[in-house]
Amino acid sequence: MLETRDRELLAQVQLGLPICPRPYAEIGADIAMPEAEVIERLAALKQKGLIKRLGVIVKHQPLGYRANAMIVWNLPDELIKPIGRQISEFAFVNLCYQRPKHDEWPYNLYCMIHGKDKATVLKQLEALNEACGLSAYDREILFSRRCFKQRGAIYQVGAVSNRDCRG
Amino acid sequence: MLTDLHKQLLNDFQRDFPLSARPYQDIADRLGVTEADVLGTLTELNDQHFISRIGAIIPPNHIGVSTLATMAVPELQLQTVADKISAYPEINHNYEREHRFNLWFVAIATDDPHLQAVIAAIEQDTGYRVLQLPLLDDFFIDLGFKLDLQHA
């Protein structure tokens, strides 16, 4: 868990770095933190893995990536970790998580693929199946349809209004 | 139509954004353009909704708690139910997917009692059962996403 100052800083960063000459000074000003301390703390958070990446967060859909699929598998427990790691290596994979099974939903490994169209995503999925030996296991492919709401994770609930849904 | 500068800014700075007092100047130096070019081009990309923000990707469950959740909602009621769920400030993603479980959302909260209260309120409010699918393990190392912008 994070100390309070790091938490305040990340809440600011989550709103987006301003596009201006001194962005770190600007986000620091809102929480009374000097620019040098902002930079130092962000570097330390990256170092500790509490920031996975810092940079431009693109919207896939307006850039031509119109198909998004969540694929779920029912894997034996001992295969979840090795296969999860293997799946994560593929450049077209966007996320890869283990989640608990339910009676009505017996899947425990999830991955996300953004592709230009459905056919491309299905072809990429075929490549995954083959490389990771996944064909024998139950799976479902859930393409996204309507987006009702999307924004970055905001942990200070109510800190910002909802962003739009174009990505 | 995207210029080379648009494409470089979209693809080459998704990670390791410079941690210096003048990060946009550093980017400009690397690309051989001016800081004003970088600021102007990023502003355009932002205005055209090609980027969501310049920000941080934080691993799940280090700040607060969250869960993926799903519901099976009859098609005719989907929009109404989705709107009710989107109205909660604790919801940050809410999508329709092609499946009997057709509504998928992510709820985030400061702690577990708060999260459970939100889920219970949603069930009460909509009359449908919520299946909670919290993260158990994360295998993904996020290096950004190499966009193919050849025809963009």
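How many residues does the contact take from chain A and from chain B? In this predicted model, 66 residues come from chain A and 66 residues from chain B.

**View 1. The side of chain A that touches chain B.** At least two residues each are supplied to this side by helix 1 (4-14), helix 2 (23-30), helix 3 (35-47), strand 1 (53-58), helix 4 (77-88), strand 3 (93-98) and strand 5 (139-150) of chain A. Strand 5 of chain A gives the largest share, 10 residues. By residue class, the side of chain A that touches chain B holds 35 nonpolar, 16 polar and 15 charged residues.

**View 2. Strand pairing between the chains.** Strand 5 of chain A and strand 3 (residues 91-97) of chain B run antiparallel and are joined by four bridges. Within this pairing, Cys147(A) has Tyr95(B) as its bridge partner.

**View 3. Helix 3 (residues 35-47) of chain B.** The end C-alpha atoms of this helix are 18 Å apart, in agreement with the 18 Å that its 13 residues should span at 1.5 Å a residue. Its buried residues are Val38(B), Thr41(B), Leu42(B) and Leu45(B). Just after helix 3 of chain B, His49(B) takes a positive phi of about 60 degrees.

**View 4. The domains of chain A.** Chain A is assigned domain 1 (4-47) and domain 2 (61-143). The C-alpha centres of domain 1 and domain 2 of chain A lie 35 Å apart.

Technical notes. Residues are numbered from 1 along each chain as its sequence is written. Chains are lettered from A and ligands numbered from 1 in the order in which they are written. This is a predicted model: local features need pLDDT of at least 70, side-chain atom pairs count only at pLDDT 80 or more; totals for chains, interfaces and linings use all residues. Domain bounds come from an automatic or database domain assignment. Two residues are in contact if their C-beta atoms, placed from the backbone, lie within 7 Å. Ala, Val, Leu, Ile, Met, Phe, Trp, Tyr, Cys and Pro count as nonpolar, Asp, Glu, Lys and Arg as charged, and the others, Gly among them, as polar. Two strands pair if DSSP finds at least two bridges between them. The expected span of a helix is 1.5 Å times one less than its number of residues. A residue is buried if 20 or more other C-beta atoms lie within 10 Å of its own, exposed if 12 or fewer, and partly exposed in between; C-beta atoms are placed from the backbone.
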